[in-house]
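Subject: Structure for your files

Hello,

Here is the structure I said I would pass on. My notes on what was found in it follow below.

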Amino acid sequence: VSEFDTLEEYKNDIRAHLEEQNKKRKEREDENKLIDKIVANAEVDIPECMITRQIDYMLREMEYTLMYQGMRMEDYLRMINKSVEDLRAESREDAEKRVKTQLVMEAIRTTENIQAEEEDIDAEIAKRAETAKKSVEEYKENMRDNEKAYISDQIIVDKTMAFLKKNNTITK
């Protein structure tokens, strides 16, 4: 009861799917290593307010995650015997790294003038329309206001990563 005629076809499809997932996971790991190396070698003055804002964001993310699990932040803090100030202090290093990464990537995009061209956005919309089995016009009609900006941002991230991979070597 599937799209496959034989068990062997089904197994081959699963194998191909798993191999593709592993390939993508390895690619993401390599990209993260490259970004970490670039960021580690960059000298950046990070404004304190950006770190504070990032810590706030991280704690809100944690609070939302806890809510989805049916727990309140206050209960979680009691359970782990910590205060919000303790969590803020523990989050500081990660927040600094995230902000530094963001600033370095933004500087690279600006210096290299990496942008999402209208044809890039149109191609991505066409791809999404095909996946949704809709015409491009129909897909565009149903797009939310911020979706085009999201697509544009993702294209810029992808182009920046392609630029970095082209101009750097990922070492093991």
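Helices here are DSSP runs marked H or I of at least four residues, numbered from the N terminus. By that count, Lys-100 is found in helix H4, which covers residues 84-111. Please keep in mind that this is a predicted model.

Overall fold
The protein chain has 7 helices and 0 strands, and along the sequence the pattern reads α-α-α-α-α-α-α. Its radius of gyration is 21 Å, well over the 16 Å that the globule rule gives for 172 residues, so the chain is more spread out than a compact globule. Along the principal axes, the C-alpha atoms fill a box of roughly 60 × 45 × 45 Å. Among contacts with a separation of 6 or more, 72% are between residues 24 or more positions apart.

Surface and charge
Of the 172 residues, 23% count as buried. The chain exposes about 13,100 Å², with carbon and sulfur atoms supplying 48% of that area.

Lys-100
This residue of helix H4 is the one to look at in the viewer. Lys-100 is buried but has no salt bridge. A salt bridge would need a side-chain nitrogen within 4 Å of a carboxyl oxygen, whereas the nearest side chain of opposite charge, Glu-96, is 8.4 Å away. Leaving aside residues up to four places away in sequence, Lys-100 touches Val-39, Ala-40, Ala-42, Val-44 and Ile-46.

Regards

Note on methods:
Residues numbered from 1 in each chain as written. Predicted model: local features only at pLDDT ≥ 70, side-chain atom pairs only at ≥ 80, totals over all residues. Heavy atoms only, no water. Helix = DSSP H or I, 4+ residues; strand = E, 2+ residues; numbered from the N terminus. Buried < 20%, exposed > 50% of the residue type's maximum accessible area, 1.4 Å probe, protein only. Lys, Arg positive; Asp, Glu negative; His and termini not counted. Contact = heavy atoms within 4.5 Å. Rg over C-alpha atoms; globule rule 2.2 N^0.38 Å. Areas by Shrake-Rupley, 256 points an atom, 1.4 Å probe, with all protein chains shown as cover.
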